[in-house]
4 protein chains.
Amino acid sequence: MIREGETVQLTNGKNRFFIRLKRDEILGTHRGNINHNDIIGKNFGYKVKTHLGEEFVILKASLYEIIMYGIKRKTQIIYPKDSAYITVKLGLTDGYRVLESGIGSGGLTIVMANAVKPSGKIYSYERNETHLKIAIDNIKLANMESYVEFFHQDLEESLPENFFDAGFIDVREPWHYVENIYNSLKIGASLGFLLPTTNQVSRLLEELQKFNFYQTEVVEILLRHYKPVPDRLRPEDRMIAHTGYLIFTKKL
Amino acid sequence: MIREGETVQLTNGKNRFFIRLKRDEILGTHRGNINHNDIIGKNFGYKVKTHLGEEFVILKASLYEIIMYGIKRKTQIIYPKDSAYITVKLGLTDGYRVLESGIGSGGLTIVMANAVKPSGKIYSYERNETHLKIAIDNIKLANMESYVEFFHQDLEESLPENFFDAGFIDVREPWHYVENIYNSLKIGASLGFLLPTTNQVSRLLEELQKFNFYQTEVVEILLRHYKPVPDRLRPEDRMIAHTGYLIFTKKL
Amino acid sequence: MIREGETVQLTNGKNRFFIRLKRDEILGTHRGNINHNDIIGKNFGYKVKTHLGEEFVILKASLYEIIMYGIKRKTQIIYPKDSAYITVKLGLTDGYRVLESGIGSGGLTIVMANAVKPSGKIYSYERNETHLKIAIDNIKLANMESYVEFFHQDLEESLPENFFDAGFIDVREPWHYVENIYNSLKIGASLGFLLPTTNQVSRLLEELQKFNFYQTEVVEILLRHYKPVPDRLRPEDRMIAHTGYLIFTKKL
Amino acid sequence: MIREGETVQLTNGKNRFFIRLKRDEILGTHRGNINHNDIIGKNFGYKVKTHLGEEFVILKASLYEIIMYGIKRKTQIIYPKDSAYITVKLGLTDGYRVLESGIGSGGLTIVMANAVKPSGKIYSYERNETHLKIAIDNIKLANMESYVEFFHQDLEESLPENFFDAGFIDVREPWHYVENIYNSLKIGASLGFLLPTTNQVSRLLEELQKFNFYQTEVVEILLRHYKPVPDRLRPEDRMIAHTGYLIFTKKL
């Protein structure tokens, strides 16, 4: 039975809406309005009608779907192929305190928050106020805001020392902040970066060598989709060929 | 401060041991013995000596490292590039009940258990007793045994109905069990499979079409490592080119 | 100095035309007409004006450009990444007689003809008359028609026996014709196939096993483009992820 | 019928020898000697015995096989996946004069010579005498020495001006020679480079911008092998993940 506070998706086959249910709230669509109350208490798979009579099926909204289709994107998002690997590679687990900057559209934040909840927290630093606002809305849609602390601030400003169990940095010139980040991490903590160009990767690797990091790795993840047709199985014609290079290291 | 019950890694630069600390236990190495008591209470980064005087550094053991370097492998493991994506794609989160079969060496079980803890559980079905035993040892090494229920049984035998929030199947001929699996899942639950050959993928896709599944996808994940040298950045010469195809679908 | 009979490209920066020069002929563009005579005798890099005054630069037209941008495409073409590898893998060289079927848009025919000229020949069998006509036009544009024999016929019909030094087959169900093809090849001849789906590859491999072929291989070629910006070097965002599987074998 | 001067391969299933047939010459193997005279005049598929009675089958030797299995390698060779694409991308055709440097083990030289024969030529510049000697032997094995001019000299030394129809450069620091190379090319000529690291690519791109080149591209070619088993079709477990980046450009 669907409860208030849950995030669900509604689809009429053509359109798809993601909403977090709140009693008495109204979802406005170009096909008419839907009262959240008509969804709360129903089961997944059931249908609901707009005041104009258009039917929408109520479906579960997985984190994957919320990130890929539900959130507002003001920036390039970090795709699940990358955010999933980041989460495992950083060893995120219930209870971890994780440094993040910038927040982007919150896609990675959601995946990481899910990995450290219920007792851990993502500490997300973002200097761009617009990005921060959109990301907060997105994180609320995914029901993860209790596991994120937001800081409208730059990585140049002071960070708590020897505090984070892990960190992930997605800013344009991370080499400026390595010392600050290094100090904020606990010994043994894993740290990751995403960078789109090879020049940035080289520049960052140079900087990392000045600190007591070890097991530095650079990887790239490629996701290839196939057409799911049993008797004509083949890869899709086109694919996303690049999102970014991932750099991982550890504080000794 | 390192506590009893924690899993740590010890390295002398050449060898690497993963142990879960238990008071009064002894780790035997070809370089001499180490008493767990000498590690408990220390901090990461400190050194410990064997009774023959060889020094080992005590390092944190991330789930990633435990899976890649710590666990005993009797079967092909599911690599983090795949298990991470599986976890996000299935939408695993604290509290989920997840069907798994077979257990393999427990590599995926560990990653999934980490994603559903503390209040969720992996229900792992394995008919091969040897695999099951090794997997249990591996899962204990990773400190995840409280979040896994083990069943020494086949997918042909009865499963709880309408019970699981998600499922992942890694057996040779999964098409035999689709009906049983389908019934065990809740509506909206995500289900995944790993299969190494294209023929198996085709055969499974055919079977899935007989049931009320939707949003079926087939993907493949490629991980490319780079040499992390700032002024000679380039991909590694060789890579793992194939682990398996991942198939995802959902119960309507 | 540019001569009659040569193929050149003309570009005004926005549009690109490929023409094979013939005295007194006129190229009509939406920016006005260009007389071939105005190009013959000029040098590459020079400009020519339409009768409406629009300027076009005369550039060399490489086979690569003719195939990628010059030929009319009625069918999926075989891209240079594949046709180049096919040519080397089949060992094509001056003097070879090569079986081809179907002709598609002639993209592969052009590359293979270039590899066997001046004394070799491509024997191209195509049952679809429209495809054949377009392909002939394309092959003429590339100046390769002297090295191709065209047959408006199916692979079911009789082929010369023990005649071809190599062969390449790009038809939907090549397994029907393997015996006929086998007999047409000389001992030691290399044979290749392109097939888009895994099911077709499996079906063909099965059939090949019935004949005295050896060193059968299946490969796939991926071409990844980078943005050629020195200080922001990175792969393009999207790529062609699949054209087809290439199967190679040899007659013993 | 096999003639003197031809290159053939001999195999006993385990070992493989590539020889260019010369009357009265003897091939010494650890399984005994074979007189070339015993092969000349035979047909492919026939068997020949060593003086110790070991049987070897006589097979055709394709350029592909000579390069992959026949030539001596003192340096990293350029693989057919790359050399094939280079040949098509440079538009090589009968009659072309092609600049090459360095010669490496001659693998690319062989493929390019095959593409420009009978009336074209590769002009290969190599400063390392040992590499040059080995490459010449390899090129002779492939029967291509009539189509190659060898120069024991550096790219710093003078080159003929406005002379080459195309060029391919595989040296460590090609940026030092761009002016010299530029001047040696005809207008419209295509030029290629192979470089293993991203830093080299960036450095070269910077240099190319100083000259009147256009249509500069950077690509990478990945070749994926599949196990050719009809009912268990799947990619090989491991693959060569990187040979080098290919850079192509044209002189305006």
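Predicted model: local features only at pLDDT ≥ 70, side-chain atom pairs only at ≥ 80, totals over all residues.
**View 1. Overall architecture of chain A.** Chain A contains 6 helices and 15 strands. Along the principal axes, its C-alpha atoms occupy a box of roughly 65 × 45 × 30 Å. Of the 252 residues in chain A, 61% are buried. Where contacts in chain A join residues at least 6 apart in sequence, 63% of them link residues at least 24 apart.

**View 2. Surroundings of Glu220(C).** Glu220(C) lies in strand 12 of chain C, which spans residues 213-227. With a relative accessible area of 1%, Glu220(C) is classed as buried, because this value falls under the 20% cut-off. Two polar contacts of its side chain are shown. One, at 2.3 Å, reaches the side chain of Arg224(A), and another, at 3.5 Å, reaches the side chain of His242(C). Leaving aside residues up to four places away in sequence, Glu220(C) touches residues of chains A, C and D. From chain A these are Arg224(A) and Pro235(A). Chain C contributes Ala241(C), His242(C), Gly244(C) and Tyr245(C), while chain D contributes Leu222(D), Leu223(D), Arg224(D) and Tyr226(D).

**View 3. Packing of helix 2 against helix 3 in chain D.** Helix 2 (residues 80-89) and helix 3 (residues 107-116) of chain D pack with their axes 9 Å apart, at an angle of about 35 degrees. The crossing of helix 2 of chain D with helix 3 of chain D is right-handed. On the side of helix 2 of chain D, the contact is made by Ser83(D), Ile86(D) and Thr87(D). These residues meet Leu108(D), Val111(D), Met112(D) and Ala115(D) of helix 3 of chain D. By residue class, the contact between the two helices comprises 5 nonpolar and 2 polar residues, with no charged residue.

**View 4. Interface between chain D and chain A.** The size of an interface is often expressed as the accessible area lost when the parts come together. Between them, chain D and chain A bury about 310 Å², of which 27% is on carbon and sulfur atoms. The contact involves 5 residues from chain D and 5 residues from chain A. Thr198(D), Ser202(D) and Arg224(D) account for 69% of the area that chain D buries against chain A, more than any other three residues.

Terms used
Residues numbered from 1 in each chain as written. Chains lettered and ligands numbered in written order. Heavy atoms only, no water. Helix = DSSP H or I, 4+ residues; strand = E, 2+ residues; numbered from the N terminus. Buried < 20%, exposed > 50% of the residue type's maximum accessible area, 1.4 Å probe, protein only. Polar contact = N/O pair within 3.5 Å; in protein donor to acceptor, adjacent residues only side chain to side chain. Contact = heavy atoms within 4.5 Å. Axes fitted to C-alpha atoms, helices over the stretch in contact; angles between N-to-C directions. Left-handed = near helix turned anticlockwise from the far one by under 90°. Nonpolar A, V, L, I, M, F, W, Y, C, P; charged D, E, K, R; others polar. Buried area = accessible area lost by both parts, 1.4 Å probe.
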